[in-house]
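The paragraphs below go through one protein chain, from its overall dimensions to single residues. Please keep the sequence and the coordinates at hand while reading.

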Amino acid sequence: MSTQDDLLLCRIEDRGEAGRIAWLTVNNPSRRNALGMAGKRAIAAAFTDLGRDERLRAVVITGAGEKSFIAGADIHEMKDLDAAGAEIEHTLTHEANESIRALPVPVIARINGWCLGFGMELAAACDLRVAVDTAKFGMPEVRVGIPSGMEAALLPRLIGWGKAAELVYTGDIIDAHEAYRIGFLQAITPAANLDAKVQQ
């Protein structure tokens, strides 16, 4: 199954009596899987649909390719938004992440590379986060004049108020080892072992 012009791919793995696992892939590798409004709508719709599956036991969300999980929102789309459009865009950010948090089964972020801005917020909305040891994390939108809002509020419960403030105020990028040290990640692993670690 695919949605929104294949911006989000969904594969269902049926494990018989053990239930079903959904694998969602953000599919915009040429833009490091950055997501605009259509992609955020696709995520909200997919998780809403998955929530109706009584045999669902877990969801894994990842990014297409080997370089990026989700490298944020679509800045090229955002630069042309007026105030009303920006309100819609920010609302969709919330709705996408809230749909993940509302799912009644665990959601695992399979972080295969860059995890920035909206990507870090979406990962924070998941229950567990597993990353390759080369992944990078941050909220760099402040460096182009866009404040980190709304879903960045999920960060303090994971990494503490001080570290969350540091990331959203400075736009600094941290590596996977630092993300693990501060509690954002449950596991880091070489790329070759990422799927095995997610399965574990």
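The chain has 8 helices and 11 strands; helices (H or I, at least four residues) and strands (E, at least two) are DSSP runs, numbered from the N terminus. This is a predicted model, in which local features need pLDDT of at least 70 and side-chain atom pairs count only at pLDDT 80 or more, while totals for chains, interfaces and linings use all residues. Residues are numbered from 1 along each chain as its sequence is written, and side-chain values use heavy atoms, with hydrogens and water left out.

Along the principal axes, the C-alpha atoms fill a box of roughly 50 × 35 × 30 Å. A compact globule of 200 residues would have a radius of gyration near 16 Å, and the 16 Å of this chain agrees with that. The radius is taken over C-alpha atoms, and the globule rule is 2.2 Å times the number of residues to the power 0.38. Of the 200 residues, 50% count as buried; buried means under 20% relative accessible area, exposed over 50%, and partly exposed in between (1.4 Å probe, protein chains only). The chain exposes about 9,500 Å², of which carbon and sulfur atoms supply 52%. Accessible areas come from the Shrake-Rupley method with a 1.4 Å probe, and for residues only the protein chains shown count as cover. Among the contacts with a separation of 6 or more, 69% are between residues 24 or more positions apart, where contact means heavy atoms within 4.5 Å.

Arg32 is partly exposed, with a relative accessible area of 44%, whereas Asn33 is buried at 0%.

Helix H1 (residues 37–50) has 14 residues and should span 20 Å at 1.5 Å a residue; its end C-alpha atoms are 20 Å apart, which agrees. The expected span is 1.5 Å times one less than the number of residues. The buried residues of H1 are Met37, Gly39, Lys40, Ala42, Ile43, Ala44, Ala46, Phe47 and Leu50.

Strand E4 (residues 56–63) contains Thr62, which is buried with a relative accessible area of 7%. Leaving aside neighbours within four places in sequence, the contacts of Thr62 are Leu24, Thr25, Val26, Phe69, Arg110 and Asn112. With Asn112 there is also a side-chain polar contact of 3.3 Å. A polar contact is a pair of N or O atoms within 3.5 Å; within protein, one must be able to donate a hydrogen and the other to accept it, and residues adjacent in sequence count only if both atoms are side-chain atoms.

In helix H3 (residues 83–102) lies Asn97, a buried residue with a relative accessible area of 0%. Not counting residues up to four places away in sequence, Asn97 touches Phe118, Glu121, Leu122, Ala125 and Glu151. In the loop between H3 and strand E6 (107–111) comes Pro104, which is exposed at 66%. Pro104 is 15 residues from Glu89 in sequence and 26 Å from Glu89 in space, C-alpha to C-alpha.

Which residue lies 5.4 Å from Leu116 in space, C-alpha to C-alpha? That residue is Phe137, 21 residues away in sequence. Phe137 is in strand E9 (residues 136–138) and has a relative accessible area of 0%. The structure holds 1 aromatic pair. The ring centres of Phe137 and Phe184 are 5.8 Å apart and the planes are at 70°, so the pair is edge-to-face. The pair links distant parts of the chain, 47 residues apart, with Phe184 in the loop between helix H7 (176–181) and strand E11 (187–189). Rings of Phe, Tyr and Trp (its six-membered ring) pair if their centres lie within 6.5 Å; planes under 30 degrees apart count as stacked, over 60 as edge-to-face and the rest as tilted. Both Phe137 and Phe184 are buried.

Helix H6 (residues 161–170) buries Lys163, Ala164, Ala165, Leu167 and Val168. Their cover includes helix H4 (118–125), helix H5 (155–159), strand E10 (173–175) and H7. Just after H6, Gly171 takes a positive phi of about 75°.
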